[in-house]
Amino acid sequence: LLNKGYRLVAEQLTYFENHRTHEAHENSIIVKRFLFEAFDCYIVLFYIAFELSDIDRLRQELVTLFTTDTARRILLEAIIPLIAQLTSRGQAASDSIGSARELLRSTCHKSELRCPPESETCDDGMETCAGEEVRPARDAELDEYEGFDD
């Protein structure tokens, strides 16, 4: 919350500095934000270490800081991308299955493929065409394989 508030203050202060170039303006904002955020993050540790001289409390704060940061990184860098990848794969798989069915329906009536009647069962593992198995026509020819020399 404090960092968000300081971000606005840093931008206004940098605007009042009236830099000649955009790059100088951006560099000034970066320096201000870095110094403030570093100060804001570590001032508590310096206070505990040098003002209170409480090593046990400092150790506890450091372990808490490290554990929280590690959990945050694992969540942001591993778990969220994994969930996004799994959901996109699931969406892509359902989209590809739907498009494959549409393709089979559209090519079902061509001469290379035929849809058998509902009473006929197919055990060759072919995709369905409008809820029925698709089987290559018996007279469809396959291209000959041409070998090659290395």
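This report covers a helix pair, a salt bridge and a surface patch in a predicted model.

## Ground rules

Local features need pLDDT of at least 70, side-chain atom pairs count only at pLDDT 80 or more, and totals for chains, interfaces and linings use all residues. Residues are numbered from 1 along each chain as its sequence is written, and side-chain values use heavy atoms, leaving out hydrogens and water.

## Two helices cross

Helix α1 spans residues 2-17 and helix α2 spans residues 22-52. Helices are DSSP runs (H or I, at least four residues), numbered from the N terminus. The two axes come within 9 Å and cross at roughly 145°. Axes are lines fitted to C-alpha atoms over the stretch in contact, with angles from 0 to 180 degrees between N-to-C directions.

Contact means heavy atoms within 4.5 Å. On α1, the contact residues include L2, Y6 and L13; on α2, they include I29 and F36. The contact residues divide into seven nonpolar, four polar and seven charged. Ala, Val, Leu, Ile, Met, Phe, Trp, Tyr, Cys and Pro count as nonpolar, Asp, Glu, Lys and Arg as charged, and the others as polar.

## A salt bridge

The structure holds five salt bridges (a Lys or Arg side-chain nitrogen within 4 Å of an Asp or Glu carboxyl oxygen). One joins K32 and E17, with the closest N and O atoms 2.6 Å apart. K32 lies in α2 and E17 in α1, so the pair ties together parts that are 15 residues apart in sequence.

## A nonpolar patch

F39, Y42, I43, V44, F46, F50, L62 and L65 form a nonpolar patch on the surface. Patch residues have over 30% relative accessible area and no salt bridge, with nonpolar side chains joined within 5 Å. Together they have about 800 Å² of accessible area (Shrake-Rupley method, 1.4 Å probe). Helix α2 gives the largest share, six residues.

Note on methods
Patch = residues over 30% accessible without salt bridge, like charges linked within 9 Å, V, L, I, M, F, W, Y side chains within 5 Å.
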